[in-house]
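I opened this entry to work through the fold piece by piece.

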Amino acid sequence: MKNMGAQFLIVTVILALASSFAFASDPSPLQDFCVAVDEPEAAVFVNGKFCKDPKLATAEDFFLKGLDVAGDTSNKVGSNVTQVNVAQIAGLNTLGVSLARIDFAPYGLNPPHTHPRATEILTVLEGTLYVGFVTSNPENRLITKVLNKGDVFVFPIGLIHFQFNTGHTNAVAISGFSSQNPGVITIANSVFGSKPPISDDVLSKAFQVEKNVVDYLQAQFWVNN
Ligand SMILES: *[C@@H]1O[C@H](CO)[C@@H](O)[C@H](O)[C@H]1NC(C)=O
């Protein structure tokens, strides 16, 4: 009997651990919505933004037009991301989702970057994209796929990823994000284009190259995509 009691305890502990590891859900808003306002008269602060009195909310707070218009891809990387997050639609505040349109010139690249606060789910509307992400240390495994019109691909939260137009025509994709404000860290910009620059002692050791290579990279014009 004593033995069975111990076994029961062990099984219970394992189940409790398993359920806590398996637990996952979308964030829960604390009210129907929370339209962001910049200058509240009576400050009520929820989750990083002030909320407008819900009675004063209008359709415009939840609306944006113009996502049918392509971004200008005539830059060094040949891509342009048009963001649709809480900065563009104040009604997204606290709701945990956002969107982006990504345009690519022929052979255009959305360079390696991460979203610190969101998983991304992308679908191709036009063209062909070679996409990929890299898993965290120690494996650093590269997972890639060639996507055509109608294909969907997921980039897990925080992981470095990229999208490259391998076709000789323009490409267009739409991405959804699991955050009202996913954030973007473009690796090249952050590491070699920071203001002020990271010391070349640090970068030459980190990348195991001579300082003149670091200085060359730091001298490039980094496109803020
Ligand atoms: C993206 O396109 C918009 C609209 O054409 C433009 O204002 C912006 O400068 C472009 N961004 C880049 C990084 O080229």
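I count two residues as in contact if their C-beta atoms, placed from the backbone, lie within 7 Å. The model is a predicted one.

**Entry 1: the helix pair**

I looked up H3 against H4 with that cut-off. Asp200, Leu203 and Ser204 of H3 meet Lys211, Val214 and Asp215 of H4. By class, this contact holds two nonpolar, one polar and three charged residues. I then checked the geometry. Helix H3 covers residues 200-207 and helix H4 covers residues 211-218; their axes come within 9 Å and cross at roughly 110°. Angles of 65 to 115 degrees count as roughly perpendicular, so H3 and H4 are roughly perpendicular to each other.

Is H3 buried or in the open? Of its eight residues, the number buried is zero, so H3 lies largely in the open.

**Entry 2: the whole chain**

I stepped back for the totals. The protein chain has four helices and 13 strands. It has 225 residues, and 23% of them count as buried. Among contacts with a separation of 6 or more, 72% are between residues 24 or more positions apart.

**Entry 3: the sheet with E12**

I traced an open sheet of five strands in the order E4-E5-E12-E7-E10, with antiparallel pairing. Strands E4 (79-84) and E10 (152-155) are at the edges, and each pairs on one side only. From one strand to the next, the twist averages 20°.

Strand E5 (residues 98-104) runs antiparallel to E12, and seven bridges join the two. Arg101 has Ile174 of E12 as its bridge partner. On the E7 side, strand E7 (residues 120-126) pairs with E12 in the antiparallel sense over six bridges. There, Thr123 is bridged to Ile174. E7 also pairs with E10, antiparallel, over four bridges. In that pairing Ile121 stands opposite Val154 of E10.

Which side chains of E12 (residues 171-177) are buried? Ala171, Ala173, Ser175 and Phe177 point to one face and are buried.

**Entry 4: Thr123**

I stayed on Thr123, which sits in strand E7. It counts as partly exposed because it has 15 C-beta neighbours inside 10 Å. Beyond four places in sequence, Thr123 is in contact with Asp151, Val152, Ala173 and Ile174. I also checked Asn148: it is 25 residues from Thr123 in sequence and 8.8 Å away in space, C-alpha to C-alpha.

**Entry 5: the other sheet**

I found another open sheet of five strands, ordered E9-E8-E11-E6-E13, with antiparallel pairing. Strand E9 (142-147) and strand E13 (185-186) are at its edges with a single partner strand each, so one side of each has no neighbour in the sheet. Further in, strand E8 (residues 129-134) pairs with strand E11 (residues 160-165) in the antiparallel sense over six bridges. Val131 has Gln163 of E11 as its bridge partner.

**Entry 6: the core**

Which residues touch the most other members of the largest nonpolar core? They are Leu129 and Ala173, in a core of 21 residues. Elements giving two or more residues to this core are E5, E7, E8 and E12. E5 supplies the largest share, three residues. I listed the contacts of Leu129, leaving aside neighbours within four places in sequence: Val124, Leu147, Gln163, Phe164, Asn165, Ala171 and Ala173.

**Entry 7: backbone exceptions**

Most residues other than glycine have a negative phi, and most peptide bonds are trans. I searched for exceptions.

- Asn137 and Pro138 are joined by a cis peptide bond, with omega about 0°. Pro138 is in the loop between E8 and E9.
- Lys195 and Pro196 are also joined by a cis peptide bond, with omega about -5°. Pro196 is in the loop between helix H2 (187-192) and H3.
- Thr94 has a positive phi, near 75°. It lies in the loop between E4 and E5. With 21 C-beta neighbours inside 10 Å, Thr94 counts as buried.
- Gln208 has a positive phi too, near 55°. It lies in the loop between H3 and H4. With 7 C-beta neighbours inside 10 Å, Gln208 counts as exposed.

Definitions and conventions:
Residues numbered from 1 in each chain as written. Predicted model: local features only at pLDDT ≥ 70, side-chain atom pairs only at ≥ 80, totals over all residues. Pairing = 2+ DSSP bridges. Buried ≥ 20, exposed ≤ 12 C-beta atoms within 10 Å, placed from the backbone. Core = buried A, V, L, I, M, F, W, Y, C linked by C-beta atoms within 7 Å. Axes fitted to C-alpha atoms, helices over the stretch in contact; angles between N-to-C directions. Parallel < 35°, antiparallel > 145°, perpendicular 65-115°, else oblique. Nonpolar A, V, L, I, M, F, W, Y, C, P; charged D, E, K, R; others polar.
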